[in-house]
Amino acid sequence: MTISHDAARVQTAVGAGVALVGVALAAGALTIPSAAGYGGVGPNFLPWLVATVLVVCGALMVREALTGGFRMLDEAPGSANGHWSSFVWVSAGMLANAALITTIGFILSCTLCYVLAVQGLRRANGQDAGHPRTMAVDLVTGAVIAAPVFWTFTKFLAISLPGLTNTGWI
(Lines give C-alpha, C1' and ligand atoms only; values in the text may rest on other atoms or scores of the structure.)
Protein backbone atom coordinates (compact mmCIF):
# COMPACT_ATOMS: atom_id res chain seq x y z
CA MET A 1 0.00 0.00 0.00
CA THR A 2 1.45 3.35 -0.99
CA ILE A 3 0.37 6.67 0.40
CA SER A 4 0.34 10.09 -1.15
CA HIS A 5 3.24 12.48 -0.78
CA ASP A 6 1.06 14.81 1.31
CA ALA A 7 0.04 12.02 3.69
CA ALA A 8 3.67 10.95 4.10
CA ARG A 9 4.67 14.53 4.86
CA VAL A 10 1.91 14.88 7.49
CA GLN A 11 2.79 11.54 9.07
CA THR A 12 6.47 12.51 9.19
CA ALA A 13 5.54 15.81 10.83
CA VAL A 14 3.45 13.99 13.46
CA GLY A 15 6.36 11.67 14.29
CA ALA A 16 8.80 14.57 14.43
CA GLY A 17 6.37 16.46 16.68
CA VAL A 18 6.18 13.55 19.11
CA ALA A 19 9.99 13.33 19.18
CA LEU A 20 10.26 17.10 19.76
CA VAL A 21 7.84 16.89 22.68
CA GLY A 22 10.15 14.23 24.13
CA VAL A 23 13.17 16.47 23.63
CA ALA A 24 11.35 19.38 25.31
CA LEU A 25 10.42 17.14 28.23
CA ALA A 26 14.05 16.01 28.51
CA ALA A 27 15.14 19.65 28.59
CA GLY A 28 12.72 20.24 31.45
CA ALA A 29 13.95 17.12 33.23
CA LEU A 30 17.44 18.62 33.27
CA THR A 31 16.19 21.21 35.77
CA ILE A 32 14.84 18.61 38.21
CA PRO A 33 17.29 17.50 40.91
CA SER A 34 18.46 13.93 40.56
CA ALA A 35 19.08 13.15 44.22
CA ALA A 36 17.85 9.62 44.85
CA GLY A 37 14.80 9.38 47.04
CA TYR A 38 12.97 6.42 48.46
CA GLY A 39 14.07 3.21 46.76
CA GLY A 40 16.95 4.90 44.94
CA VAL A 41 14.68 6.64 42.42
CA GLY A 42 14.97 10.40 42.17
CA PRO A 43 12.26 12.89 41.22
CA ASN A 44 13.61 13.20 37.69
CA PHE A 45 13.25 9.48 36.88
CA LEU A 46 9.70 9.58 35.52
CA PRO A 47 10.21 12.69 33.34
CA TRP A 48 13.35 11.10 31.85
CA LEU A 49 11.52 7.82 31.25
CA VAL A 50 8.60 9.55 29.52
CA ALA A 51 10.96 11.76 27.49
CA THR A 52 12.92 8.73 26.32
CA VAL A 53 9.79 6.82 25.32
CA LEU A 54 8.45 9.84 23.41
CA VAL A 55 11.70 10.31 21.50
CA VAL A 56 11.88 6.61 20.61
CA CYS A 57 8.21 6.49 19.57
CA GLY A 58 8.61 9.67 17.52
CA ALA A 59 11.66 8.25 15.75
CA LEU A 60 9.80 5.02 14.99
CA MET A 61 6.84 7.01 13.66
CA VAL A 62 9.14 8.99 11.35
CA ARG A 63 10.70 5.74 10.13
CA GLU A 64 7.25 4.31 9.41
CA ALA A 65 6.19 7.45 7.56
CA LEU A 66 9.32 7.45 5.41
CA THR A 67 9.12 3.75 4.54
CA GLY A 68 5.57 3.57 3.22
CA GLY A 69 3.40 5.37 5.72
CA PHE A 70 1.64 4.26 8.86
CA ARG A 71 0.57 0.67 8.26
CA MET A 72 -2.92 -0.67 8.89
CA LEU A 73 -4.25 2.85 9.31
CA ASP A 74 -8.05 2.80 9.31
CA GLU A 75 -10.10 5.71 8.12
CA ALA A 76 -10.67 8.12 10.98
CA PRO A 77 -14.12 7.74 12.57
CA GLY A 78 -16.45 10.68 12.86
CA SER A 79 -17.12 13.59 10.62
CA ALA A 80 -14.60 15.50 8.59
CA ASN A 81 -15.31 18.61 10.68
CA GLY A 82 -14.82 19.04 14.39
CA HIS A 83 -17.70 18.50 16.78
CA TRP A 84 -17.64 21.98 18.31
CA SER A 85 -20.24 21.48 21.01
CA SER A 86 -18.27 18.50 22.31
CA PHE A 87 -15.12 20.60 22.27
CA VAL A 88 -16.94 23.11 24.47
CA TRP A 89 -17.97 20.36 26.94
CA VAL A 90 -14.41 19.06 27.26
CA SER A 91 -12.95 22.57 27.53
CA ALA A 92 -15.52 23.50 30.17
CA GLY A 93 -14.47 20.45 32.18
CA MET A 94 -10.81 21.41 32.12
CA LEU A 95 -11.49 25.07 32.89
CA ALA A 96 -13.90 24.20 35.72
CA ASN A 97 -11.27 21.91 37.21
CA ALA A 98 -8.65 24.64 37.11
CA ALA A 99 -11.02 27.24 38.53
CA LEU A 100 -12.56 25.12 41.30
CA ILE A 101 -9.78 22.82 42.51
CA THR A 102 -8.76 25.11 45.39
CA THR A 103 -12.38 25.84 46.31
CA ILE A 104 -14.08 22.44 46.25
CA GLY A 105 -10.98 20.24 46.44
CA PHE A 106 -9.19 17.84 44.13
CA ILE A 107 -11.68 14.97 44.23
CA LEU A 108 -14.80 17.00 43.47
CA SER A 109 -13.16 19.21 40.85
CA CYS A 110 -11.62 16.23 39.03
CA THR A 111 -14.94 14.37 39.19
CA LEU A 112 -16.66 17.38 37.64
CA CYS A 113 -13.95 17.58 34.97
CA TYR A 114 -14.46 13.89 34.17
CA VAL A 115 -18.25 14.20 33.94
CA LEU A 116 -18.11 17.22 31.62
CA ALA A 117 -15.38 15.73 29.41
CA VAL A 118 -17.22 12.40 29.09
CA GLN A 119 -20.40 14.29 28.21
CA GLY A 120 -18.56 15.91 25.33
CA LEU A 121 -17.06 12.63 24.16
CA ARG A 122 -20.41 10.84 24.36
CA ARG A 123 -22.12 13.60 22.38
CA ALA A 124 -19.41 13.54 19.72
CA ASN A 125 -19.93 9.78 19.42
CA GLY A 126 -23.70 10.17 19.06
CA GLN A 127 -24.51 8.51 22.40
CA ASP A 128 -27.36 9.50 24.71
CA ALA A 129 -25.31 11.58 27.12
CA GLY A 130 -28.09 13.41 28.95
CA HIS A 131 -29.84 10.37 30.43
CA PRO A 132 -29.88 10.54 34.27
CA ARG A 133 -28.51 6.99 34.63
CA THR A 134 -25.62 7.80 32.29
CA MET A 135 -24.87 10.98 34.25
CA ALA A 136 -24.94 9.04 37.54
CA VAL A 137 -22.58 6.38 36.19
CA ASP A 138 -20.20 9.08 34.94
CA LEU A 139 -20.33 10.86 38.29
CA VAL A 140 -19.54 7.70 40.25
CA THR A 141 -16.81 6.69 37.79
CA GLY A 142 -15.18 10.12 38.06
CA ALA A 143 -15.16 9.91 41.85
CA VAL A 144 -13.85 6.33 41.77
CA ILE A 145 -10.93 7.52 39.64
CA ALA A 146 -10.22 10.81 41.45
CA ALA A 147 -10.37 9.60 45.07
CA PRO A 148 -7.62 6.96 44.88
CA VAL A 149 -5.40 9.39 42.96
CA PHE A 150 -5.92 12.00 45.70
CA TRP A 151 -5.22 9.50 48.47
CA THR A 152 -2.17 8.10 46.72
CA PHE A 153 -0.63 11.53 46.34
CA THR A 154 -1.55 12.88 49.77
CA LYS A 155 -1.23 9.79 51.99
CA PHE A 156 1.48 7.70 50.33
CA LEU A 157 3.60 10.23 48.47
CA ALA A 158 3.08 13.13 50.92
CA ILE A 159 2.30 15.54 48.09
CA SER A 160 -0.12 18.27 49.05
CA LEU A 161 -3.27 18.52 46.93
CA PRO A 162 -6.21 20.81 47.71
CA GLY A 163 -8.86 19.05 49.74
CA LEU A 164 -12.43 19.96 50.64
CA THR A 165 -11.80 19.45 54.35
CA ASN A 166 -8.74 19.67 56.58
CA THR A 167 -8.86 15.96 57.37
CA GLY A 168 -6.94 15.06 54.21
CA TRP A 169 -9.46 12.39 53.17
CA ILE A 170 -11.71 14.48 50.90
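Among contacts in the protein between residues at least 6 apart in sequence, 55% join residues at least 24 apart. The model is predicted. The fold contains five helices and zero strands. Along the sequence, the pattern reads α-α-α-α-α. Of the 170 residues, 24% count as buried. The accessible surface of the protein comes to about 11300 Å². Carbon and sulfur atoms account for 72% of that surface.

A nonpolar patch lies on the surface. Its members are L25, F45, L46, L49, V50 and V53. Together these residues have about 490 Å² of accessible area. Helix α2, spanning residues 45-66, gives the most to the patch, with five residues. L46 is placed in helix α2. The relative accessible area of L46 is 53%, so this residue counts as exposed, the cut-off being over 50%.

The cysteines were examined next. A search of the whole structure finds zero disulfides. For C113, the closest cysteine sulfur is in C110. The two sulfur atoms are 6.5 Å apart. A disulfide requires a pair of cysteine sulfur atoms within 2.5 Å, so the sulfur of C113 is too far from that of C110 for a bond. C113 has a relative accessibility of 15% and therefore counts as buried, the limit being under 20%. C57 is partly exposed, with a relative accessible area of 36%.

Note on methods: Residues are numbered from 1 along each chain as its sequence is written. This is a predicted model: local features need pLDDT of at least 70, side-chain atom pairs count only at pLDDT 80 or more; totals for chains, interfaces and linings use all residues. Side-chain values use heavy atoms; hydrogens and water are left out. Patches are made of residues with over 30% relative accessible area and no salt bridge: like charges are joined within 9 Å, nonpolar side chains (Val, Leu, Ile, Met, Phe, Trp, Tyr) within 5 Å. Accessible areas come from the Shrake-Rupley method with a 1.4 Å probe; for residues, only the protein chains shown count as cover. A salt bridge is a side-chain nitrogen of Lys or Arg within 4 Å of a carboxyl oxygen of Asp or Glu. Helices (H or I, at least four residues) and strands (E, at least two) are DSSP runs, numbered from the N terminus. Buried means under 20% relative accessible area, exposed over 50%, partly exposed in between (1.4 Å probe, protein chains only). Contact means heavy atoms within 4.5 Å.
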